Amino acid sequence: MKYLTEYRNLEATKSYLKLIENTVTQTWKIMEICGGQTHGLVKNGILELLPKKVQMIHGPGCPVCVTPLNLIDKAIELLENGVIVCSFGDMIRVPGSKKSLLEAKAEGGDLRILYSPIEAMKIARNNPDKEVVFFAVGFETTAPANALSVLHAQKEGLKNYSILVSHVLVPPAMEAILDDKFCNINAFLGAGHVCTIMGYKEYIPLSEKYKTPIVITGFEPLDLVQGIYMAVKQLEEGICKVENQYSRAVKKAGNTSAINVINQVFEIGNREWRGIGDIPNSGYILTKAFKDFDAELKFGISNIKAPESANCIAGEVLKGIKKPHECSQFGKACSPSNPLGAPMVSSEGACAAYYHFSSNTI
Amino acid sequence: MDTTALGFNTINLGHGSGGVMTRDLLDKIIFKTFSNPYLNQKHDGSIVHFNNKIAISTDSFVVSPIFFKGGNIGELAVHGTVNDVAMCGAIPKYLSLAFIVEEGLKIEEFITIVNAIKLAADISGVQIITGDTKVVERGKGDKIFINTTGFGEVNPKANISTDNIKVGDKIIVNGFVAQHGMAIMSQREGLEFESTIESDTTNLNFLVNDLIDEFGNKIHLLRDPTRGGLASVLSEISQDTNKGVTIYETKIPLEKQVAAACEILGLDALYVANEGVFIAIVDADIANAVVEMMQKDEKGKNAVCIGEITSGHPNKVVMHNELGGKRIVSPLIGEQLPRIC
């Protein structure tokens with residue numbers, strides 16, 4: 001807990017809040033990319049403690065939220081056909097077009113909630129007469145472990161293990177947001193966990209092209225306020241560059257062994273983002289050498305399509321155009337017990353964070 | 001117990017048939033372990049006598065895994081119900097005990113559980129006075145489910161009700177939260193992690209009764225925050241009383257290792273289950289004395305006041321953090337789910 005408690009230090013956090021207040025002279029809109037950061041800002045009440053001129057816009061960095069509906073339907077299709085589907089916990093309550101994975105489990109599907117894909121391999125090993133699929137969602141952060149499971153499975157000759165891939169990448173999403181004609185974001189807090197894996201080299205051309213400061217930031221209160229301060233300072237001084245607040249975890253080149261594992265198994269490909277749509281070259285797909293581990297091909301489920309709820313404005317929330325409570329369904333037709341869209345389900349989703357913690361509802 | 005003398009190694013459907021095999025199981029294990037004048041009647045039920053108002057509470061136990069660090073499903077089944085009766089301001093005296101066993105349960109495991117029940121009941125001062133054993137086919141249970149119903153005599157000094165809660169009352173918790181839930185989580189298939197976190201399962205009835213003897217009706221409400229954790233109980237209280245609940249994050253007793261495990265799995269300790277924790281909502285006059293008295297008891301040594309009842313924000317629990325920020329603590333919707341990253 002050492003690296004956590006130190007970054008929850010009251011005095012240091014307060015002093016950065018004071019610095020922000022003393023530095024800011026005009027209104028700035030800063031987007032935190034990662035859902036974990038949104039959660040940290042709301043849970044710690046930081047949004048209320050910031051000066052009014054610093055407006056935080058919540059970004060698309062919640063893996064559960066951006067996983068397209070059709071992928072959930074595909075996982076459910078597998079469950080209903082006797083496949084053991086393994087998933088990270090917060091994915092299972094997200095509604096598909098007809099039901100969630102949790103409901104499919106209640107109807108008899110063999111769904112396992114895991115913390116690591118390596119556990120899914122164990123399940124495959126112990127159930128040689130069953131097919132086992134790991135629902136490999138997430139940003140760059142979860143890609144190394146998912147890739148590693150495929151590498152191990154290949155080495156071991158595990159024929160009954162495959163992954164349902166929905167990996168997305170942060171930089172293309174940032175570019176899509178910046179290219180949106182409604183975009184009014186002045187600076188970004190880069191996602192600390194993603195950059196722990198990938199480093200921050202790839203953000204330098206982005207910052208230069210769009211003349212936008214990017215501060216790679218952690219998740220604790222002190223991280224967040226320090227990251228915000230660094231962004232505000234750049235904006236006020238008219239500078240735009242990439243800075244690294246989260247230096248205790250992030251190196252410029254990232255974790256090279258993790259990147260190496262990713263590159264062995266995945267290549268860049270087109271991906272659909274829930275609420276945002278198709279973004280070219282915005283995710284990972286399995287390389288040709290590992291196509292045998294692609295659950296979509298193995299089970300012929302690539303064609304499953306699923307339309308979004310017309311009442312959900314998740315896309316606008318994920319792009320930072322609207323705040324969760326500006327949605328007419330927020331807290332009414334849409335709540336964590338009856339979510340219309342994914343941002344209300346995941347603990348990192350902006351809508352759920354607002355619903356659970358925000359003083360907007362006090 | 002030498003299991004070879006029993007003549008069977010696993011529980012099978014025959015043990016729930018009501019015939020000779022059932023009788024064999026009861027005589028050799030259940031009656032032998034729990035022997036007392038009520039049970040020894042071997043009747044359809046037991047007749048007991050109370051002099052005062054009685055409190056009754058029932059609970060079913062379905063925990064998985066059935067053996068975990070710090071205990072097993074057996075003692076949990078005793079503590080859970082004993083504590084629920086105690087939270088009514090009563091002294092638990094008798095328990096019913098009903099098993100639903102999945103065929104194939106190893107007899108050693110069954111005996112370990114039965115022995116744990118016996119020990120926990122003795123320590124809690126309760127007798128098992130009636131029971132039932134059913135066996136279901138493999139795949140129709142999860143090794144063993146246990147239901148217990150507790151009967152206790154209400155302490156004449158007690159007046160425990162949400163109706164008694166008033167603005168200004170203090171909220172006191174007896175010790176570290178989230179121990180039980182995280183102990184179970186650390187041993188669940190697929191989520192295992194190495195830790196020395198142990199379940200806090202224990203009986204709270206004697207400490208609670210001492211408090212009632214000392215402070216009487218100034219103790220307004222007692223609750224044990226099991227499933228759904230502290231957050232869910234406090235949310236219920238705010239909604240039931242139409243008053244606000246304010247708590248302070250820095251006051252909530254959380255053991256370091258448990259806090260770290262919650263961080264890793266992305267769980268909020270406020271929602272994690274407890275089995276040896278209770279909260280007391282008491283008159284502000286006696287709050288310090290209650291905390292001091294609890295701290296003298298092993299089961300309350302980490303007792304602390306975590307907040308109060310307010311007139312502001314009715315129906316809502318609001319937690320203040322060290323920074324001066326605040327957030328709503330909403331009731332738990334479904335199961336808490338470990339997050340992706």
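**Exercise 1. Describe the contact of chain A with chain B.**

Step 1: count the residues. In this predicted model, 39 residues of chain A are in contact with 27 residues of chain B. Contact means that the C-beta atoms of two residues, placed from the backbone, lie within 7 Å.

Step 2: find the elements. On chain A, those that supply at least two residues each include helix H2 (10-23), strand S5 (132-138) and helix H17 (350-357). Helices (H or I, at least four residues) and strands (E, at least two) are DSSP runs, numbered from the N terminus.

Step 3: sort the residues. The side of chain A that touches chain B has 18 nonpolar, 13 polar and eight charged residues. Ala, Val, Leu, Ile, Met, Phe, Trp, Tyr, Cys and Pro count as nonpolar, Asp, Glu, Lys and Arg as charged, and the others, Gly among them, as polar.

Residues are numbered from 1 along each chain as its sequence is written, and chains are lettered from A, ligands numbered from 1, in the order in which they are written. Local features need pLDDT of at least 70 and side-chain atom pairs count only at pLDDT 80 or more, while totals for chains, interfaces and linings use all residues.

**Exercise 2. State the confidence scores.**

Step 1: take the whole model. Its ipTM is 0.72 and its pTM 0.83.

Step 2: take chain B. Its mean pLDDT (the predictor's confidence in each residue, from 0 to 100) is 92. In chain B, 96% of residues reach 70 or more.

**Exercise 3. Characterise the packing of helices H5 and H8 of chain B.**

Step 1: locate the helices. H5(B) is residues 205-215, and H8(B) is residues 287-295.

Step 2: Axes are lines fitted to C-alpha atoms, for helices over the stretch in contact, and angles run from 0 to 180 degrees between N-to-C directions.

Step 3: name the residues. B:Leu207, B:Leu211, B:Glu214 and B:Phe215 in H5(B) meet B:Val290, B:Met293 and B:Met294 in H8(B). Six are nonpolar, none polar and one charged.
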